[in-house]
Amino acid sequence: MDFKVAVLPGDGIGPEISVQGVDVMTAVCGKFGHKVSYKYALCGADAIDKVGDPFPEETFQICKEADAVLFSAVGDPKFDNDPTAKVRPEQGLLAMRKKLGLFANIRPVQTFKCLLHKSPLRAELVDGADFLCIRELTGGMYFGEKYQDNDKAYDTNLYTRPEIERILKVGFEYAMKRNKHLTVVDKANVLASSRLWRQIAQEMAPRYPEVNTDYMYVDNAAMRMIQEPKFFDVMVTENTFGDILTDEGSCISGSMGLLPSASTGESTPVFEPIHGSWPQAKGLNIANPLAQILSVAMLFEYFDCKAEGALIREAVNASLDADVRTPEIQVEGGAKYGTKEVGAWIVDYIHKK
Ligand code: IPM
Ligand code: MN
């Protein structure tokens with residue numbers, strides 16, 4: 001294949017982990033005879049500082065013309081602590097999702113045997129947990145009509161039938177490819193928008209007779225994820241519930257620094273780590289590059305390059321087994337490896353394979 005990749009390093013630790021993702025992408029392409037070219041583009045606080053817009057038009061064009069976007073992270077405390085700031089880095093992320101029509105956010109929750117002890121849950125509960133959270137990403141309260149004055153404020157949780165159908169379809173299709181168990185998460189006992197979700201899911205379920213579809217209220221789902229994470233195979237939910245549940249899901253595995261994600265939809269798909277920009281660690285060479293590197297695996301898998309994705313996963317597992325780990329997951333007394341060293345070890349593993 002000939003991959004044209006838009007690289008958006010963004011803020012904080014973004015640029016450091018981005019380099020590792022790109023190096024792995026290049027190594028795998030070399031190995032499998034793919035051509036790859038990169039175009040770098042501004043986003044987030046970096047783009048606000050340089051051109052006054054967190055998702056500039058030029059970045060949008062570069063993304064639109066690419067086959068895939070390799071995104072890192074956005075966010076900077078100087079905006080978090082200024083409630084009067086008119087533009088914020090996060091707006092760049094939302095603009096990217098909306099403009100690229102990235103309505104489906106796929107966030108896998110996976111555990112790594114050697115990190116089970118890092119999980120806040122008991123090892124026997126999490127060992128073997130493996131599910132996908134599919135979060136609707138361009139609708140609901142994030143994008144519905146908003147109003148705010150000094151005495152009153154609201155956000156509208158608007159969903160239309162086509163928006164619900166297309167995301168549920170993604171859910172059913174992933175369930176078909178996996179263990180054929182789909183959990184539709186909503187709040188249909190209270191919210192009209194959720195009742196429409198549930199109605200449409202019930203209409204669609206007979207088209208997927210092999211899929212065991214169940215329905216769960218979001219409060220109950222939040223509890224079940226902690227009590228019995230292995231219950232889930234694929235869950236699908238609206239934007240706001242998905243935001244909350246995926247943070248919960250990401251900590252089950254023991255380190256947020258290990259989880260990648262994909263956002264797909266109408267235009268170029270985006271692959272990014274789940275964690276944020278961790279500004280305090282910027283430039284310290286301590287951020288875990290694995291989530292970014294696993295995002296590259298998801299990129300290949302999206303294009304049906306299964307062996308490429310598998311090689312990256314193998315290299316990542318090998319690095320963990322060899323205790324080549326960044327500080328937050330290093331075994332006690334183990335050697336210290338930085339962002340660059342972990343990335344370089346994985347690239348080397350891929351070359352030698
Ligand atoms: C996420 C983040 C974003 C969201 C923020 C940064 C706008 O929390 O990707 O989950 O709320 O969607
Ligand atoms: Mn979030």
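Visitor: At roughly what angle do the axes of α12 and helix α13 cross?
Guide: The model is a predicted one. Helix α13 covers residues 339-352, and its axis comes within 9 Å of that of α12. The two axes cross at roughly 125°.

Visitor: Which term describes how α12 and α13 lie to each other?
Guide: The crossing angle is roughly 125°. Angles over 145 degrees count as roughly antiparallel and 65 to 115 as roughly perpendicular, with the rest, apart from those under 35, as oblique. The pair α12 and α13 is therefore oblique.

Visitor: Which residues in α13 does α12 meet?
Guide: The crossing of α12 past α13 is right-handed. On the α12 side the contact has L311, E314, A315, V316, A318 and S319. By class, the contact of α12 with α13 has eight nonpolar, one polar and one charged residues. The α13 residues are W345, I346, Y349 and I350.

Visitor: Is α11 roughly parallel or roughly antiparallel to α12?
Guide: Helix α11 (residues 290-302) packs on helix α12 (residues 306-321) with the axes 7 Å apart and an angle of about 160°. Angles over 145 degrees count as roughly antiparallel. That makes the orientation of α11 to α12 roughly antiparallel.

Key: Residues are numbered from 1 along each chain as its sequence is written. Chains are lettered from A and ligands numbered from 1 in the order in which they are written. This is a predicted model: local features need pLDDT of at least 70, side-chain atom pairs count only at pLDDT 80 or more; totals for chains, interfaces and linings use all residues. Side-chain values use heavy atoms; hydrogens and water are left out. Axes are lines fitted to C-alpha atoms, for helices over the stretch in contact, and angles run from 0 to 180 degrees between N-to-C directions. Helices (H or I, at least four residues) and strands (E, at least two) are DSSP runs, numbered from the N terminus. A crossing is left-handed if the near helix is turned anticlockwise from the far one by less than a right angle, and right-handed if clockwise. Contact means heavy atoms within 4.5 Å. Ala, Val, Leu, Ile, Met, Phe, Trp, Tyr, Cys and Pro count as nonpolar, Asp, Glu, Lys and Arg as charged, and the others, Gly among them, as polar.
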